[in-house]
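Dear colleague,

I am passing on the structure we spoke about, and my notes on it follow below. Please read them with the model open beside you.

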Amino acid sequence: MKSPDSLLAEARHLLNTVFGYPDFRGPQADIITHVASGGHALVLMPTGGGKSLCYQIPALLRPGVGIVVSPLIALMQDQVDQLRELGIAAAFLNSTLDQAAAREVERAFLSGELQLLYVAPERLTTSRFLGL
């Protein structure tokens, strides 16, 4: 496991080079370091407070795919669009996808092509998703 200082340095590098921000705000650095090192967190911040970075950056620092559970379809679409513009392999699974599109996302997930996958809560609990 990497040291907290090493994780923080990598997180700052991603923040700057990928997301274009000069530094973390408020408790973001502590939260990101904690989550990236395997910890759990309940993060309450106001709208625009930078919550998304608190799970996006740890997902990029850790191996595998980060799964984000969100009931907000519009938020999923916006975040996936923004992440793709930044060169991050992201997708979502929700009721807006037809069967062919959902299967393509599932294929990308299973083949390890994704870094972040946004999933609606009702999709997360289906036997099909749990079988992935």
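Two strands are taken to pair if DSSP finds at least two bridges between them, and helices (H or I, at least four residues) and strands (E, at least two) are DSSP runs, numbered from the N terminus. This is a predicted model, in which local features need pLDDT of at least 70 and side-chain atom pairs count only at pLDDT 80 or more, while totals for chains, interfaces and linings use all residues. Residues are numbered from 1 along each chain as its sequence is written, and side-chain values use heavy atoms, with hydrogens and water left out.

Strand β3 (residues 116-119) runs parallel to β1 (residues 66-69), to which four bridges join it, and Gly 66 stands opposite Leu 116. Four bridges also join β3 to β2 (residues 90-93), again in parallel, with Phe 92 opposite Tyr 118. Both faces of β3 are covered, since Leu 116 and Tyr 118 on one side and Leu 117 and Val 119 on the other are all buried (under 20% relative accessible area, 1.4 Å probe, protein chains only).

In helix α2 (residues 28-36), seven of the nine residues are buried, and these pack against α1 (4-17) and α3 (51-61), contact meaning heavy atoms within 4.5 Å. The axes of α2 and α3, which are lines fitted to C-alpha atoms over the stretch in contact, lie 9 Å apart at an angle of about 40 degrees. Gln 28, Ile 31, Ile 32, Val 35 and Ala 36 of α2 meet Leu 53, Cys 54, Ile 57, Pro 58 and Leu 61 of α3. After α2 comes Gly 38, whose phi is positive, near 105 degrees.

Best regards

Key:
Buried means under 20% relative accessible area, exposed over 50%, partly exposed in between (1.4 Å probe, protein chains only). Axes are lines fitted to C-alpha atoms, for helices over the stretch in contact, and angles run from 0 to 180 degrees between N-to-C directions.
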